[in-house]
Number of protein chains: 4
Amino acid sequence: MPLTPEQLEEIEAQRAASAETRRPTVPELEEILYQPLAVLDHGFVRVVDYMGDDGAIVQAARVSYGKGTKRVSEDRGLINYLMRHRHTTPFEMCEIKYHVKLPIFVARQWIRHRTANVNEYSARYSILDNEFYIPAPEDLGVQSRSNRQGRGQSLEGEEARRVLHLLREDAEKVYGDYTEMLNEDDAGAPIDPERQGLSRELARMNLTLNFYTQWYWKIDLLNLFHFLSLRADDHAQHEIRAYAEVMIETVKRWVPLAADAFAQYRMGGANLSATGLEVVKRLIGGEDVGQEESGLSKREWRELMETLGRQG
Amino acid sequence: MPLTPEQLEEIEAQRAASAETRRPTVPELEEILYQPLAVLDHGFVRVVDYMGDDGAIVQAARVSYGKGTKRVSEDRGLINYLMRHRHTTPFEMCEIKYHVKLPIFVARQWIRHRTANVNEYSARYSILDNEFYIPAPEDLGVQSRSNRQGRGQSLEGEEARRVLHLLREDAEKVYGDYTEMLNEDDAGAPIDPERQGLSRELARMNLTLNFYTQWYWKIDLLNLFHFLSLRADDHAQHEIRAYAEVMIETVKRWVPLAADAFAQYRMGGANLSATGLEVVKRLIGGEDVGQEESGLSKREWRELMETLGRQG
Amino acid sequence: MPLTPEQLEEIEAQRAASAETRRPTVPELEEILYQPLAVLDHGFVRVVDYMGDDGAIVQAARVSYGKGTKRVSEDRGLINYLMRHRHTTPFEMCEIKYHVKLPIFVARQWIRHRTANVNEYSARYSILDNEFYIPAPEDLGVQSRSNRQGRGQSLEGEEARRVLHLLREDAEKVYGDYTEMLNEDDAGAPIDPERQGLSRELARMNLTLNFYTQWYWKIDLLNLFHFLSLRADDHAQHEIRAYAEVMIETVKRWVPLAADAFAQYRMGGANLSATGLEVVKRLIGGEDVGQEESGLSKREWRELMETLGRQG
Amino acid sequence: MPLTPEQLEEIEAQRAASAETRRPTVPELEEILYQPLAVLDHGFVRVVDYMGDDGAIVQAARVSYGKGTKRVSEDRGLINYLMRHRHTTPFEMCEIKYHVKLPIFVARQWIRHRTANVNEYSARYSILDNEFYIPAPEDLGVQSRSNRQGRGQSLEGEEARRVLHLLREDAEKVYGDYTEMLNEDDAGAPIDPERQGLSRELARMNLTLNFYTQWYWKIDLLNLFHFLSLRADDHAQHEIRAYAEVMIETVKRWVPLAADAFAQYRMGGANLSATGLEVVKRLIGGEDVGQEESGLSKREWRELMETLGRQG
């Protein structure tokens with residue numbers, strides 16, 4: 001993630017500024033505020049603003065549940081209770097803003113989450129930089145035949161080299177032609193004064209989906225947890241998961257109690273179906289249940305056995 | 001708006017706290033942070049947190065429009081441009097959180113705005129205080145016969161006194177019976193140990209809609225402007241408008257450039273229909289247009305003439 | 001639920017109309033279309049329109065997952081898979097519209113779900129009818145001392161009679177005074193021509209929260225399931241649960257496969273925390289685990305034992 | 001827009017089906033239901049389902065405004081009133097579902113509208129077809145120097161030919177390499193049995209942004225109007241505007257009264273700022289106002305003069 005001198009300077013200026021505030025402040029998060037955290041080969045995540053802390057969740061819960069919550073002696077217990085019982089609105093009282101640089105195909109997955117505020121760099125108005133994502137060789141997953149979405153092992157040897165070569169060659173070719181069609185230099189002046197240049201909004205269509213874009217992305221903690229539970233999951237594509245994992249680290253700094261509750265009740269737990277729960281009860285009762293008499297399909301049975309750490 | 005000593009103490013503690021932050025900070029807003037601003041007879045609005053400032057709007061616009069925005073020499077011009085052309089997403093980058101105390105019938109109008117985060121005091125879990133809204137005599141509007149929603153002039157003399165008497169008498173009666181049904185004192189102990197007491201979630205149904213509730217309400221600036229444009233409008237009910245007007249003052253402290261743009265392009269302007277625009281063009285051209293040949297209905301004609309400050 | 005002759009006539013007219021359509025149609029749901037299904041003493045739920053069916057969910061999933069879904073041999077299996085793996089967007093392709101009559105305090109809980117479209121009868125413009133909710137004697141729950149939100153057993157004998165008397169008396173008093181303040185008869189003419197009448201938008205504040213209101217409420221199936229999972233739950237207040245249960249019956253008619261999947265994977269199942277899952281594994285392995293060494297709090301332990309149908 | 005025989009057959013089957021329904025039905029829209037309406041070189045828009053009609057808007061307004069709306073003698077007047085006064089919720093009672101085939105760069109603009117339900121064809125699970133957008137020669141806009149976003153005149157002659165050649169050449173090259181990396185034939189079998197093939201979720205990143213994707217897109221009428229007002233506007237990019245214009249035609253068939261109101265009060269009208277309104281008043285009064293003394297910036301002045309059809 002090579003930043004330009006101009007960008008480094010701007011970040012330094014942001015980090016150097018400091019002011020007094022009466023708002024809740026989280027020193028652990030302030031420590032890394034504005035710093036780019038590297039993701040993939042050219043991407044990053046930066047926390048650029050935040051509102052609220054663990055205390056804001058507790059405060060909102062206490063206004064909702066009133067005197068009732070006084071019985072819960074401490075904040076951790078209350079936050080765990082809220083997460084466990086899906087009393088979700090207090091988590092909406094915290095808000096965070098990220099600056100993210102990411103490949104377009106990752107941005108396309110990310111934007112499905114509609115409950116965030118977004119301002120993306122526009123290739124309609126500006127020229128995209130010549131930066132594209134090339135996976136590390138160990139991330140060149142083979143198409144799995146059994147599972148349509150995951151990657152199995154990685155390509156190796158000559159086939160891996162060939163793929164990396166094609167990705168790079170095509171990205172370079174399309175960017176070169178993008179520039180030629182635009183006929184604009186960095187300062188916006190025509191390269192070839194004899195030609196006019198295609199409009200930016202059209203020329204961008206020639207770029208491949210591994211080119212990097214960037215955006216500001218602002219979201220409340222509840223919806224961020226929802227995003228992370230899907231995108232830091234095993235089934236998520238490796239590339240977006242890389243972003244989610246870095247973001248989880250920022251959340252741990254920001255709201256450590258809520259982050260623990262999220263790990264305990266969302267990421268680390270399990271959902272059982274009605275029939276799955278019956279199977280679990282019978283297993284605990286010492287019964288020897290098999291798939292056929294379980295009422296579960298083969299696939300569900302396999303998933304349940306995985307959840308329970310048993311061989312199906 | 002008489003606050004309890006306990007509340008005053010909590011507010012003083014919030015205001016006394018101070019910390020260093022790298023985040024954008026707005027001293028004008030910090031000045032009144034946490035302070036209750038009185039509305040109606042027992043209500044208030046308090047700003048309890050915020051994220052971003054005018055600079056955050058500009059920053060988001062510059063990432064979206066890229067180099068293009070460098071031509072706009074200063075922040076005010078850019079913010080005006082965004083507001084005028086309904087480039088709305090940069091305004092979503094600012095967020096504010098209020099603590100509001102308000103009558104239930106006002107809360108019912110307010111909650112129609114679905115794009116905010118809310119944590120309301122729950123009468124299911126806690127007992128509501130004996131506080132209810134009684135309009136000032138000059139606000140006892142008469143039902144307008146021509147306009148089904150507005151109030152015309154106010155009730156006067158004996159009729160006004162009678163209305164105020166009924167409102168007060170009924171609120172006191174229902175609250176007394178609410179307490180009797182609950183059979184709970186302030187500490188949650190039974191008043192009459194021989195009786196059991198109705199559950200809170202049921203007893204609350206006996207309260208009238210002028211009783212006060214309270215909530216935390218968090219919203220981004222774009223949606224706040226939308227809320228304010230409807231609720232600070234002439235057609236809004238006096239009581240919710242009283243809240244909106246106090247909130248506009250807090251917005252002026254927070255994001256003065258955006259607040260000016262809002263006043264200029266939203267609150268103070270006018271929307272013309274296609275036909276209305278044609279009438280305006282003809283009037284400017286010196287034509288003597290009347291309603292009949294305008295293509296507008298009588299009502300639309302009257303509204304247009306009002307907008308133009310002319311006699312219909 | 002006594003309907004006026006005018007209402008009955010309107011419903012009959014709606015039911016009598018019939019047209020040819022190329023859209024997916026669900027005869028089971030058409031059967032009850034427009035019919036008021038009684039809830040509480042004066043309330044109802046009516047399905048007044050719908051879009052899509054089980055097939056629309058399948059269709060949307062197949063466009064998303066493409067050829068991959070061809071392996072799933074039939075619709076039921078695919079819908080179960082989507083529900084189990086929280087692939088939620090295909091469920092958004094179905095939409096339903098209800099007409100609901102409900103007490104205001106129920107409406108206040110209901111409206112917290114922000115992902116629906118709502119048009120409520122406005123007491124600002126119109127006069128509310130003299131209809132209020134009085135619980136059945138067996139629903140007069142006592143305030144639970146251990147659990148702040150539920151109701152325990154019911155009030156009995158004299159205390160129950162006293163509560164019913166107070167609720168009724170107060171509702172009648174406030175409605176009488178509402179009418180007096182309005183000074184309007186059914187036709188909108190002054191009752192007492194000497195007086196002016198308070199505006200409707202103000203007079204309504206004198207009504208208690210058990211008065212009935214009504215609205216059109218439109219929502220997609222995904223968000224409806226979310227609403228129902230919270231409002232048909234044991235922890236939901238009896239009154240809103242009564243509505244949710246009637247609505248579940250309408251969903252069974254509409255999208256039977258999705259309704260089954262909802263029952264199997266949402267309503268009937270269980271969520272285990274990370275630590276709870278460890279306890280389950282140890283129990284299945286035949287270990288004798290107790291609360292102290294489980295890593296769970298006493299409350300979590302009790303909840304887990306309840307889920308597993310065991311004595312703690 | 002060449003459809004495959006398989007697609008044509010599916011559409012024919014959808015169109016041939018017919019059922020009785022009690023729901024509001026719109027014959028004008030039924031006529032074109034499921035039919036692909038061509039947009040750009042390979043794209044289309046198909047209406048595949050709808051809920052509600054003009055009457056549903058009126059019905060919702062009447063429940064909201066109650067007896068008050070009886071004064072408005074007819075539906076057209078009421079719908080115009082709602083649109084003019086931004087009483088927006090009744091328009092949310094209508095819902096429409098489209099099937100759209102569109103280039104990825106258009107999809108990226110489109111998806112910014114977060115208030116719709118979307119199921120997109122996933123290149124993670126399936127292989128994209130070899131279809132990409134090549135603009136018609138007359139749509140090869142030159143980058144405007146004065147206005148960063150619009151296109152001015154079009155490229156001509158050799159330069160146009162060169163751009164078309166590059167776009168086509170690059171799309172073909174990246175698709176060929178995509179296929180090679182995938183190493184899958186149409187049936188999912190390996191082309192070269194010696195190689196493994198890169199996973200689909202990775203290979204797709206090699207495609208350019210002009211490749212076509214498709215989705216189901218479902219939205220309520222209010223939000224559709226908002227989408228159309230932005231995307232059928234002069235400032236919208238030609239390609240997305242082509243879709244918006246076709247969709248407006250479907251809306252005219254579906255809800256003709258609301259479509260007229262939209263044309264009259266949204267698309268065809270004008271917003272004046274506070275200062276702009278003052279200028280209009282002075283002009284009507286016969287004053288000779290110029291930019292300098294208007295209080296408007298040069299840009300605002302020019303925009304106002306354009307709106308008023310005057311030379312600045």
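Trainee: In strand β1 of chain D, which residue is the bridge partner of A19(C)?

Mentor: The partner of A19(C) is T21(D). This is a predicted model, in which local features need pLDDT of at least 70, side-chain atom pairs count only at pLDDT 80 or more, and totals for chains, interfaces and linings use all residues. Residues are numbered from 1 along each chain as its sequence is written, while chains are lettered from A and ligands numbered from 1 in the order in which they are written.

Trainee: In what sense do β1(C) and β1(D) pair, and over how many bridges?

Mentor: Strands pair if DSSP finds at least two bridges between them. Here β1 of chain C, residues 19–21, and β1(D) pair in the antiparallel sense over three bridges. Strands (E, at least two residues) and helices (H or I, at least four) are DSSP runs numbered from the N terminus.

Trainee: How many residues does each chain give to the contact of chain D with chain C?

Mentor: Residues are in contact if their C-beta atoms, placed from the backbone, lie within 7 Å. Chain D and chain C each contribute 43 residues. On the side of chain D that touches chain C, β8(D) gives the most, with five residues. That side has 16 nonpolar, 14 polar and 13 charged residues. Ala, Val, Leu, Ile, Met, Phe, Trp, Tyr, Cys and Pro count as nonpolar, Asp, Glu, Lys and Arg as charged, and the others, Gly among them, as polar.

Trainee: How many residues of chain B are in contact with chain D?

Mentor: In that contact, 22 residues of chain B meet 22 residues of chain D. α11(B) supplies the largest share of the side of chain B that touches chain D, eight residues. By class, that side has 10 nonpolar, nine polar and three charged residues. β9(B) also pairs with β9 of chain D, residues 270–272, in the antiparallel sense over three bridges. Within that pairing, L272(B) has A270(D) as its bridge partner.

Trainee: Why do the copies meet through the same surface?

Mentor: They do so because 100% of the interface residues of chain B are also interface residues in chain D.

How values were computed. Two residues are in contact if their C-beta atoms, placed from the backbone, lie within 7 Å.
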